[in-house]
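The following exercises are meant to be worked through with the sequence and the 3D structure at hand. Each task is followed by a solution in steps.

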Amino acid sequence: MDIILIILIILSLMFMIYCIIPNLYARNISKTVHKTLNLSQGKNVALTFDDGPDARYTLNLLSVLEKYNAKATFFVAARNADSNREIINKIILDGHEVALHTYKHKGMWQMFPWETSKEFEVGLRILEKIGVKVHYYRPPWGTFNLLTLRLCKKHNLKTVLWSKQANDWEKNNSIDNISNILIEKVSKNDIVLLHDCGGADNSPLKTIGALEKCLPILIDKGYKFVKISEDVL
Ligand SMILES: [Zn+2]
């Protein structure tokens with residue numbers, strides 16, 4: 001057999017074993033990956049904000065959350081947390097919680113095993129240094145490699161994905177559209193994925209504008225916005 005063909009087959013098998021199978025398992029089968037809350041009483045929803053903190057947006061977001069007495073979980077890239085420590089302190093002071101979203105937001109499929117370990121270890125060390133005790137983890141883009149769940153277990157982290165999102169990072173999305181999606185789609189025990197950093201041209205501003213519109217409507221419908229740790233995962 002042609003040597004190039006053999007190499008291609010070996011590489012494909014390695015990709016299947018390292019990326020595809022662990023990803024399918026984690027997202028569809030594993031009982032340790034949480035996509036919803038499990039609270040039996042009340043209409044609770046967990047708002048989660050990924051990729052920040054970002055000095056341009058996160059403080060404004062905190063003001064909107066405070067206005068509607070909504071609590072949230074921030075899945076931060078530890079590199080951003082390190083350069084915005086005062087914002088991390090404010091997040092915690094306001095009664096929200098901080099969770100890990102890796103050190104520099106590199107996808108699990110883009111990293112060798114040793115890099116994957118380092119992303120966890122460096123990220124956790126930075127957050128610990130800032131004074132954050134981390135209990136939850138979300139991988140960038142919700143992707144897993146062979147090591148992801150093992151590292152969560154090793155570091156005693158619960159893995160949290162989401163059940164609803166509004167594609168708030170997209171270039172052509174609008175405040176009205178994000179708000180309408182949230183009003184129409186959100187239901188009891190949802191974990192909602194949103195962003196306070198990154199995306200296309202100032203997209204976190206749209207996220208904040210959408211929350212300003214939809215939070216009072218959802219509150220009128222009886223929803224309460226809670227932290228992941230208020231759940232019984
Ligand atoms: Zn992310």
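Predicted model: local features only at pLDDT ≥ 70, side-chain atom pairs only at ≥ 80, totals over all residues.

## Exercise 1: Strand β4

**Task.** State which residues of β4 point one way and which the other way, and identify how β4 pairs with β3.

**Solution.** 

Step 1. In a regular strand, side chains alternate between the two faces of the sheet.

Step 2. Apply this to β4, residues 97-100: E97 and A99 point one way, while V98 and L100 point the other way. The four residues are all buried.

Step 3. Examine the pairing. β3, residues 72-76, and β4 are parallel and share four bridges. Within this pair of strands, L100 of β4 lies opposite V76.

## Exercise 2: The nonpolar core

**Task.** Find which residues of the largest nonpolar core touch the most other members, and describe the surroundings of V98.

**Solution.** 

Step 1. In soluble globular proteins, nonpolar side chains tend to be buried together.

Step 2. The largest nonpolar core has 60 residues, and those touching the most other members are A46, L47, F74, A78, V98, L127 and V192. The element that gives the most to this core is α8, with six residues.

Step 3. Take V98 as an example. Setting aside residues up to four places away in sequence, V98 touches F74, V76, I88, I91, I92, L127 and V132.

## Exercise 3: Helix α2 and its neighbours

**Task.** Describe how α2 packs against α4 and against α8.

**Solution.** 

Step 1. Two packed helices are described by the angle between their axes and the distance between the axes.

Step 2. For α2 (residues 58-67) and α4 (residues 85-93), the angle is about 10° and the axes are 10 Å apart. The two helices are therefore roughly parallel, as the angle is under 35 degrees. T58, L59 and L62 of α2 make the contact with I87, K90 and I91 of α4. By class, four of these residues are nonpolar, one is polar and one is charged.

Step 3. For α2 and α8, the angle is about 5°, with the axes 10 Å apart. This makes α2 roughly parallel to α8. In this contact, N60, L61 and V64 of α2 meet I208, L211 and E212 of α8. The contact of α2 with α8 comprises four nonpolar residues, one polar and one charged.

## Exercise 4: Loops and backbone geometry

**Task.** Decide whether H101, H105 and N202 are buried or exposed, and locate the cis peptide bond.

**Solution.** 

Step 1. H101 lies in the loop between β4 and α5. Since 26 other C-beta atoms lie within 10 Å, and 20 or more are needed, H101 is buried. Leaving out neighbours within four places in sequence, H101 is in contact with D50, D51, F75, V76, A77, R138 and P140. Between H101 and F74 the C-alpha to C-alpha distance is 8.9 Å, although 27 residues separate them in sequence.

Step 2. H105 is also placed in the loop between β4 and α5. Its phi is positive, about 60°, although H105 is not a glycine. With 20 other C-beta atoms within 10 Å, H105 is buried.

Step 3. N202 belongs to the loop between β8 and α8. The phi of N202 is near 55°, a positive value in a residue other than glycine. N202 has 11 C-beta neighbours inside 10 Å and so counts as exposed, the limit being 12 or fewer.

Step 4. The cis peptide bond joins G52 and P53, with omega about 0°. P53 lies in the loop between β2 and α2.

Technical notes
Residues numbered from 1 in each chain as written. Axes fitted to C-alpha atoms, helices over the stretch in contact; angles between N-to-C directions. Parallel < 35°, antiparallel > 145°, perpendicular 65-115°, else oblique. Contact = placed C-beta atoms within 7 Å. Nonpolar A, V, L, I, M, F, W, Y, C, P; charged D, E, K, R; others polar. Pairing = 2+ DSSP bridges. Core = buried A, V, L, I, M, F, W, Y, C linked by C-beta atoms within 7 Å.
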